[in-house]
Amino acid sequence: MKLTLRSMVSMAALGAAMAACSPAAEQGSETPPSRAGLAPGLFDAGTAIWNLELTASVPPPDGFFDLETVMIPLSLPAEAEGDEVTDDEGTGETADADDVPADMPADGPADVEDADEEDSGPGLLSFANSDLAFTGDRVIMGGFHGFNVYDAANPDDPAHILSVVCPGGQGDVSVHGDLVFFSTEQNRGRLDCGNGGVEGDSSPERFLGVRIFDISDLGAPRQVAAVQTCRGSHTHTLVPHPTDEDIAYIYVQGTSSPRPDSELAGCSGGEPDENPDTALYSIDVIEVPLNSPEQAAVVSRPRIFTDYETGEIAGLWAGGALEDGGQTAASTVACHDITVYPEMGLAGGACGGNGILLDITDPVNPRRISDLADPNMAYWHSATFSNDASKVLFTDEWGGGLGARCRAEDPENWGANLIADIVDGEMELRGYFKIPGEQSDIENCVAHNGSLIPVPGRDIMVQGWYSGGLSIIDFTDSENPFEIAFFDRGPLGPDALRVGGYWAAYWHNGRVWAPEIARGLDVFRLHASGHLTANEVAAAELIRFDEANTQTQLHITWPDEPVVAHAYLDQLARSGALDETGLATVRRAIEGWDAGETDAASLAAAAELLAAATDPQAPADAHRMAELGAMLMRTR
């Protein structure tokens with residue numbers, strides 16, 4: 001990298017600012033270590049870590065771990081290359097691999113599904129951990145065997161306090177108060193949460209949909225509702241009512257084949273030209289009266305893929321490659337994830353072969369307002385908005401999460417993140433990000449779930465990459481995202497691909513929380529580095545939410561605190577947006593405020609200086625200057 005004189009001065013000034021103003025914090029480095037060649041092992045694998053600190057690793061509790069299951073070697077057919085794989089019902093029929101949804105529990109290769117369905121032995125994902133939800137001091141971790149609750153009052157030493165056994169995958173969770181919402185999608189799922197599976201094509205004992213548990217009594221958690229849906233619940237999304245705090249909605253993303261009408265009335269499959277009532281091409285919306293959750297029921301099945309000009313409900317991508325040499329993308333018959341952003345009235349849907357933008361101001365009847373297809377995307381998997389909703393980042397689960405997709409020979413834009421700007425309500429492609437291709441043939445790796453890290457003035461995200469570990473990226477410049485921290489662990493075993501790694505990684509209340517599919521729950525602390533000052537880390541650690549669900553994005557508002565102002569100023573120093581005189585002037589004003597010697601005239605002068613220096617051609621710095629100036633004026 002060539003450093004100009006100006007940038008060298010700015011870096012020196014930034015260093016001086018950090019020395020003078022930064023809170024105490026561990027200092028990381030600018031140069032990442034290699035992830036390649038990490039030693040295998042279940043709980044003793046080799047690791048590589050950069051600008052993070054692993055502060056806790058909590059192994060799975062008793063009853064939620066089976067060594068034989070974890071160590072099942074997986075030899076994938078070449079399904080992601082377009083070959084055929086046996087269908088999920090084990091009938092012997094074949095389906096195109098491009099229709100294989102992500103995470104694979106219900107629609108995966110027959111050896112995976114059959115193993116999960118059998119009662120006599122373990123299945124590949126029978127004890128896999130999945131997603132997280134946060135409430136108060138508790139962290140809830142879902143899984144294919146049920147869910148676990150941890151007391152995280154000390155985030156660096158979480159303590160297991162509750163297990164609920166309820167097999168049926170994939171067990172994504174969300175929470176509101178004492179109610180836990182839990183996804184079930186496998187045919188073995190029983191209404192009574194029993195472990196014995198279900199016989200036959202139709203059975204009143206089978207449950208596919210969203211369960212609701214009351215965990216107010218940790219000694220006696222209760223299933224208080226179980227809302228059946230035609231395609232089960234691969235994932236779900238908690239959506240608050242816009243005005244009534246006693247009502248919540250659940251968007252249900254079912255990806256399994258439709259159940260027969262004989263098992264659940266009103267369910268049927270097929271293409272819409274033969275069956276206009278097909279359960280494909282829609283999502284389910286459940287209304288939950290929070291004071292009487294036992295009355296929860298499906299209230300709509302919106303056709304969000306409709307071609308609004310023709311009325312055709314199969315109105316989006318039909319499957320196949322978008323261009324020669326591009327990915328073979330899935331058909332858009334369902335969504336894998338929908339991330340709602342209630343404060344903005346928006347949702348980002350990751351839906352087979354399309355990423356879509358929804359207006360959810362009427363949450364019972366969401367309406368698509370924009371959609372994208374892309375030749376690099378095989379299976380649009382999940383979405384994360386920037387805090388101001390000017391951008392949305394989609395992940396691509398190429399290979400369903402069970403393949404090695406982060407090797408040196410894999411295309412750098414396949415199985416990656418796609419970043420789009422949102423301009424006048426339309427999504428416009430800007431860039432991609434994928435971790436460096438240093439993973440081996442025996443490490444399942446692809447972009448997966450994550451969330452924002454609340455650093456003011458920047459768009460920073462942490463996410464899981466399965467056996468590729470977790471990665472933190474800056475996508476403030478949506479055309480040029482870059483990595484600023486990571487953690488990686490070696491494969492589970494030395495001789496074959498086994499399914500492990502991070503299902504997700506989320507920032508919550510000052511820590512990164514990462515559910516490991518096989519190894520349990522990990523917690524990390526973020527370190528300052530050349531990419532992130534201690535003031536920026538401290539400003540992020542200020543943000544606290546009493547409750548957080550991973551597909552319900554919360555708007556971040558930073559308090560008027562000196563460390564937040566210092567964080568903005570560090571960024572202006574890093575970019576060179578202010579000269580030395582300007583930096584010194586603003587810094588003196590903030591330091592006076594920080595010392596309790598608020599000088600209204602100095603703060604006003606600093607705000608005026610920032611306004612005068614604003615360059616509209618540099619939107620990120622213009623935003624920082626506006627936010628910092630407004631804060632200084634409020635503080636006078």
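Student: Which residues does Leu610 touch, if those up to four places away in sequence are not counted?

Tutor: In soluble globular proteins, nonpolar side chains tend to be buried together. In this predicted model, Leu610 touches Leu572, Leu578, Val586, Met625, Leu628, Gly629 and Leu632, once residues up to four places away in sequence are set aside.

Student: Which members of the largest nonpolar core touch the most other members?

Tutor: The largest nonpolar core holds 39 residues, and those that touch the most other members are Leu578, Val586, Ile590, Leu610, Leu628 and Leu632. Two or more residues of this core come from each of helix 4 (534-541), helix 5 (562-575), helix 6 (580-594), helix 7 (600-613) and helix 8 (619-635), and helix 5, with 8 residues, gives the most. At least three residues of this core are drawn from each of domain 1 (129-549) and domain 2 (562-635). Apart from this core lies another, of 31 residues, including Leu125, Trp398, Val446 and Leu497.

Student: Which polar partners does the side chain of Arg519 have?

Tutor: A polar atom of the Arg519 side chain lies 2.6 Å from the backbone oxygen of Leu42, and the Arg519 side chain also makes a polar contact of 2.8 Å with the side chain of Glu516. Leaving aside neighbours within four places in sequence, the residues in contact with Arg519 include Gly41, Leu42, Phe43 and Ala45, together with Val58, Pro59 and Pro60, and then Arg489, Gly490, Pro491 and Leu492.

Student: How many disulfides are there, and what pattern do they follow along the chain?

Tutor: A disulfide is a covalent bond between the sulfur atoms of two cysteines. The count in this model comes to 4 disulfides, and with bonded cysteines counted along the chain the pattern is 1-2, 3-4, 5-6, 7-8.

Student: Which parts of the chain does the disulfide of Cys166 and Cys193 tie together?

Tutor: The sulfur atoms of Cys166 and Cys193 are 2.0 Å apart, and with -70° about the S-S bond this link is left-handed. Because Cys166 lies in the loop between strand 8 (159-165) and strand 9 (170-176), and Cys193 in the loop between strand 10 (179-184) and strand 11 (209-214), the pair ties together parts that are 27 residues apart in sequence. Cys166 is buried, with a relative accessible area of 0%, and Cys193, at 13% relative accessibility, counts as buried.

Student: Where do Cys230 and Cys267 lie?

Tutor: Cys230 and Cys267 form a disulfide with sulfur atoms 2.1 Å apart, and their link is left-handed, with -90° about the S-S bond. This pair links distant parts of the chain, 37 residues apart, with Cys230 in the loop between strand 12 (222-228) and strand 13 (235-240) and Cys267 in the loop between strand 14 (247-253) and strand 15 (284-289). Cys230 is buried at a relative accessible area of 4%, and Cys267 counts as buried at 2% relative accessibility.

Student: Why is the disulfide of Cys335 and Cys351 right-handed?

Tutor: The torsion about its S-S bond is about 75°, so the disulfide of Cys335 and Cys351 is right-handed. Both Cys335 and Cys351 are buried.

Methods. Residues are numbered from 1 along each chain as its sequence is written. This is a predicted model: local features need pLDDT of at least 70, side-chain atom pairs count only at pLDDT 80 or more; totals for chains, interfaces and linings use all residues. Side-chain values use heavy atoms; hydrogens and water are left out. A nonpolar core is a set of buried Ala, Val, Leu, Ile, Met, Phe, Trp, Tyr and Cys residues joined through side-chain atoms within 4.5 Å. Buried means under 20% relative accessible area, exposed over 50%, partly exposed in between (1.4 Å probe, protein chains only). Helices (H or I, at least four residues) and strands (E, at least two) are DSSP runs, numbered from the N terminus. Domain bounds come from an automatic or database domain assignment. Contact means heavy atoms within 4.5 Å. A polar contact is a pair of N or O atoms within 3.5 Å; within protein, one must be able to donate a hydrogen and the other to accept it, and residues adjacent in sequence count only if both atoms are side-chain atoms. A disulfide is a pair of cysteine sulfur atoms within 2.5 Å.
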